[in-house]
Amino acid sequence: MLTNTMKGLCCLVFLGFLLLNEGVLYTTAKQFQDVLSHGKTSSHVRYHKKLNGWSPDQNNWNEKLYPSWEEGDPRWNDCWRGGRVVARLTTDSPALVGSNVSFAVILEFPRCQKEDNDSNIIYDRNCKNDSTDFLDDYVYHWTKWIDDCVWKNCTSNNTHRVFPDGRPFPHHPGWRRRNFVYLFHTLGQYYQKTAGSSATVSINTTNIALGKHLMEVLVYRRGHRTYVPVATASAPYVVTDQIPLFVNLSQKNDRNISDFIFIKDSPIIFDVKIHDPSHYLNNSAITYKWNYGDGSGLFVSNSPIITHTYTLEGNFTFNLTVQAIKPVPCKPTTPTPPYPTSSGTKTPTTTTNNTAITTNPSANLASPTSASVMEYTPDGGCHIYRYGHYKAVISILEAILEVNIIQMTSVSMSVAQATNTLVDFIVSCQGSLPTNACTTVSDPTCQVPQNMVCESVEITDECLLTIRRAFNEPGTYCVNITLGDDTSQALASTLISVNGGSSSRTAQGVLISFGFLVVFVVIVTFLLYKRYKKYKPIERSTGQAVNREVLSVYFSNFKAVLFGGSNERDPLLKSKPRIV
């Protein structure tokens with residue numbers, strides 16, 4: 001009897017030990033949230049609905065196949081040959097609620113390392129690195145590690161082709177080139193995938209709370225028996241109920257468009273850029289409502305580009321409201337819960353006349369309010385309204401509006417002084433008075449600058465000044481003259497043909513002297529011809545008549561060649577390029 005009792009007690013003790021051991025193992029088993037968030041969790045992240053394709057981070061983590069290290073663990077220094085791998089995580093946030101937000105990870109390897117076409121990591125032989133001797137071509141020759149077999153019949157790596165939660169790798173055609181495992185984590189959920197040295201993921205924001213969130217990623221590389229962590233990264237992203245947008249302002253003659261200082265009486269171009277990388281608003285009807293703040297009224301346009309001219313000086317605040325009407329599937333007309341927010345704030349919802357109107361707090365600091373409206377159209381369809389707002393203060397000042405080159409004259413100099421050709425440009429302008437002038441001399445196409453000279457100018461009354469510039473060689477030049485002040489600048493261009501210096505003038509003198517000599521010879525020849533014709537007796541003989549006729553024709557042709565009377569009466573021959 002005692003023996004049976006002792007046996008029963010031993011069994012109970014052993015069973016209790018097993019249960020205790022199981023409990024200890026259960027409590028010490030790691031979960032995804034322990035590894036990906038280092039045990040840090042927030043209460044509001046549990047409010048989100050399940051993301052499509054994502055899993056809750058309460059799932060168990062395979063610590064044996066995927067060892068996890070805390071920050072500062074010295075094993076991080078030896079997880080990669082030749083240095084540390086850096087993961088760059090970027091996002092196209094902010095995202096309008098209902099659209100997709102995307103994330104991209106790019107791995108940056110240590111110096112002189114790169115990925116080849118088979119996704120092996122090799123040394124770059126063209127890279128100079130005095131501290132490293134390339135004893136081998138490969139940093140990691142993963143192709144050699146993988147069995148040369150089909151996906152389902154490999155002998156040694158079957159147990160390694162699983163994620164930390166035990167799910168098998170998907171069978172991609174290029175699975176041998178996917179040597180990294182990426183684990184994305186946000187909102188209490190995770191997503192896992194295999195890829196090469198870069199990976200992307202996209203999530204829909206319909207059920208995500210408005211506000212700022214954090215995306216984290218942990219990257220593992222392939223090992224012989226386990227996977228080795230090599231890099232981590234994180235990036236914030238924003239989900240908003242307002243259309244993310246920006247307005248680019250530009251203006252002719254404006255010197256610096258980033259200072260929001262513009263010119264009076266000159267059109268300003270307002271160009272609206274809507275941030276919609278997932279093309280969520282592609283099928284939407286978008287209108288732009290402008291209030292320029294100068295008392296000109298409200299303007300409504302269907303184009304993202306519009307111009308406006310301010311006729312007064314001062315500071316003005318312009319406001320833009322963008323409205324997008326997007327077709328969506330119809331929902332029941334009963335009140336529905338509003339979009340959740342990061343703070344858990346609830347918003348009122350009302351239903352009247354088959355129109356559900358939901359007002360949500362704004363997650364965009366640029367606008368204090370936002371509204372999301374769904375309406376039922378007569379044709380049985382539905383659409384929602386989305387709004388975006390933009391506001392900015394600009395300054396309008398008097399500035400230089402126009403520059404004109406009204407005259408060009410060559411400066412006369414003696415032969416001893418004529419080393420260069422000097423040209424005076426008389427320039428006028430409209431608007432404010434300039435404080436500096438720049439002259440740029442280029443080739444005849446105005447594409448290749450050859451010389452640029454800038455100087456300060458002082459004008460106290462009328463905008464009229466003379467700019468003198470020297471030209472070293474003869475030729476045709478493009479001259480750009482720019483007049484500017486602190487806020488604006490204006491430009492005028494002209495083509496100019498320039499002759500040479502003293503050598504050219506000497507050649508011109510020789511040509512002129514030769515011209516006078518030719519004229520003198522022609523005049524003497526003409527007088528002799530007239531005298532011969534006047535005093536020579538007229539002979540009736542046939543031979544003499546023929547000789548006189550031949551001589552007359554000869555002198556007529558000679559005179560036509562020398563004088564060219566028809567050319568002097570042709571005005572078209574005077575339209576030659578101006579020589580300055």
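## Salt bridges between loops

At 37% relative accessibility, D118 counts as partly exposed; buried denotes under 20% relative accessible area, exposed over 50%, and partly exposed the range in between (1.4 Å probe, protein chains only). D118 forms a salt bridge with R177, the closest N and O atoms being 3.9 Å apart, where a salt bridge is a side-chain nitrogen of Lys or Arg within 4 Å of a carboxyl oxygen of Asp or Glu. D118 lies in the loop between β5 (113-115) and β6 (121-123) and R177 in the loop between α3 (142-145) and β8 (180-186), so this pair ties together parts that are 59 residues apart in sequence. R177 is likewise partly exposed, with a relative accessibility of 42%. Helices (H or I, at least four residues) and strands (E, at least two) are DSSP runs, numbered from the N terminus.

The structure is a predicted model, in which local features need pLDDT of at least 70 and side-chain atom pairs count only at pLDDT 80 or more, while totals for chains, interfaces and linings use all residues. Residues are numbered from 1 along each chain as its sequence is written, and side-chain values use heavy atoms, with hydrogens and water left out.

## Further salt bridges

Twelve salt bridges are found in the whole structure. One of them joins E63 and K30 (3.8 Å, N to O). Because E63 lies in the loop between β1 (55-56) and β2 (86-91) and K30 in the loop between α1 (2-28) and α2 (32-36), the pair ties together parts that are 33 residues apart in sequence. E63 is partly exposed at 30% relative accessibility, and K30 is partly exposed at 30%.

R125 and D137 form a salt bridge with their closest N and O atoms 2.6 Å apart. Both residues lie in the loop between β6 and β7 (138-140), so the pair ties together parts that are twelve residues apart in sequence.

## Disulfides

The whole structure holds five disulfides, a disulfide being a pair of cysteine sulfur atoms within 2.5 Å. C429 is joined to C463 (S to S 1.5 Å). The torsion about this S-S bond is about 105°, so the disulfide is right-handed. Both C429 and C463 are buried.

C438 is joined to C454 (S to S 2.0 Å), and this link is right-handed, with 115° about the S-S bond. C438 lies in strand β26 (residues 436-442) and C454 in strand β27, so the pair ties together parts that are 16 residues apart in sequence. C438 is buried at 13% relative accessibility, whereas C454 is partly exposed at 45%.

## Nonpolar cores

The largest nonpolar core has 56 residues, and those with the most contacts inside it are W61, W80, L107, Y182 and I203. Such a core is a set of buried Ala, Val, Leu, Ile, Met, Phe, Trp, Tyr and Cys residues joined through side-chain atoms within 4.5 Å. Strand β12 (residues 228-240) gives the most to this core, with seven residues. A second, separate core of 28 residues includes L245, I306, V322 and I394.

## Strand pairing

Strands β29 (residues 475-484) and β30 (residues 489-498) pair in the antiparallel sense over ten bridges; pairing requires that DSSP find at least two bridges between two strands. A hairpin through four residues joins β29 to β30, and L483 stands opposite A490 in β30.
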